[in-house]
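Subject: Structure handover

Hello,

I am passing this structure on to you, together with notes on what was found in it. Please look at it first and then read on.

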Amino acid sequence: MSEQKSPLPIGSVVQVNGSEQNFMIISQLPIAEIDGKQGYFEFGAVTLPIGLSSQDMFFFNSDDVNHLIYLGYIDLEFQEFSNQYDEIISNINHEKLEIR
């Protein structure tokens with residue numbers, strides 16, 4: 001049996017590979033279009049301390065996270081989402097995109 005993936009909750013603050021910028025996760029499994037190709041990422045995030053500005057959201061996956069600075073809000077709904085994460089991902093009709 002494969003190990004279950006565990007998402008980071010909304011409000012988590014991370015650094016990603018290749019950047020010293022802090023990002024706060026504001027979206028789970030967002031659909032994005034890159035170079036005319038539609039797919040999903042595990043997370044959508046905004047830069048800190050500015051937040052959402054001009055609708056700029058940054059997309060990345062758990063493999064891109066190199067440092068967890070703060071673990072976000074966890075409640076019963078998030079725990080249920082986390083328990084069903086693998087099933088939710090398997091039902092997404094888009095391929096997983098990767099940052100370059």
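In what order do the 3 strands of the open sheet stand, and what is the sense of their pairing? The order is β3-β4-β8, and the pairing is mixed. Please keep in mind throughout that this is a predicted model.

The open sheet

β3 (31-34) and β8 are the edge strands, and each has a single partner strand, so one side of each has no neighbour in the sheet. Between β4 and β8 the pairing is parallel and runs over 2 bridges. Within that pairing, Y40 has K96 in β8 as its bridge partner.

The salt bridges

How many salt bridges does a search of the whole structure find? The search finds 2. As background, side chains of opposite charge can pair when their charged atoms come close.

One of the salt bridges joins the side chains of K37 and E95, with 3.0 Å from N to O. K37 belongs to strand β4 (residues 37-40) and E95 to strand β8 (residues 95-96), so this pair ties together parts that are 58 residues apart in sequence. K37 is partly exposed, at a relative accessible area of 40%. E95 is partly exposed as well, at 45%.

A salt bridge is also formed between K96 and E42, whose closest N and O atoms are 2.7 Å apart. Here K96 sits in strand β8, while E42 sits in the loop between β4 and β5 (43-47), so the pair ties together parts that are 54 residues apart in sequence. K96, which is also the bridge partner of Y40, is partly exposed with a relative accessible area of 32%.

Is E42, the other member of that pair, buried or exposed? E42 is buried, because its relative accessible area is 4% and the cut-off for buried is under 20%. Leaving out residues up to four places away in sequence, E42 touches S27, Q28, L29, P30, F60, N61, S62, Y85 and K96. That list includes K96, its salt-bridge partner.

Strand β1 (residues 13-16) is joined to strand β2 (residues 23-28) by 2 bridges, and the two run antiparallel. V14 has F23 in β2 as its bridge partner. β1 and β2 make a hairpin with 6 residues between them, and G18 in the turn has a positive phi of about 85°.

β1 also pairs with strand β7 (residues 65-70), again antiparallel, through 4 bridges. In this pairing V13 stands opposite Y70 of β7.

The nonpolar cores

Which residues make up the largest nonpolar core? It has 8 residues in all: L8, V14, V16, F23, I25, F43, A45 and F60. At least two residues of this core come from each of β1, β2 and β5. A second, separate core has 5 residues, among them L29, Y40, Y85 and I89.

V14, a member of the largest core, touches L8, Q21, N22, F23, F60, V65, H67, L68 and I69 when residues up to four places away in sequence are not counted. Of these, F23 is its bridge partner in β2. L8, F23 and F60 are listed with V14 in the largest core. F60 is also among the residues that E42 touches. From the second core, L29 and Y85 are touched by E42 too.

The surface patch

Which residues form a nonpolar patch on the surface? L68, L71 and I74 do, with about 250 Å² of accessible area together. L68 is also among the residues that V14 touches.

L71 lies in the loop between β7 and α1 (76-83). With a relative accessible area of 43%, L71 is partly exposed. Apart from its neighbours within four places in sequence, L71 is in contact with L8, P9 and S12. L8 is a member of the largest nonpolar core.

L71 and E42 both lie in loops: L71 between β7 and α1, E42 between β4 and β5. L71 is partly exposed, whereas E42 is buried. Their C-alpha atoms are separated by 16 Å, and the two residues are 29 residues apart along the chain.

Regards

Key. Residues numbered from 1 in each chain as written. Predicted model: local features only at pLDDT ≥ 70, side-chain atom pairs only at ≥ 80, totals over all residues. Heavy atoms only, no water. Salt bridge = Lys/Arg side-chain N within 4 Å of Asp/Glu carboxyl O. Buried < 20%, exposed > 50% of the residue type's maximum accessible area, 1.4 Å probe, protein only. Pairing = 2+ DSSP bridges. Contact = heavy atoms within 4.5 Å. Patch = residues over 30% accessible without salt bridge, like charges linked within 9 Å, V, L, I, M, F, W, Y side chains within 5 Å. Areas by Shrake-Rupley, 256 points an atom, 1.4 Å probe, with all protein chains shown as cover. Core = buried A, V, L, I, M, F, W, Y, C linked by side-chain atoms within 4.5 Å.
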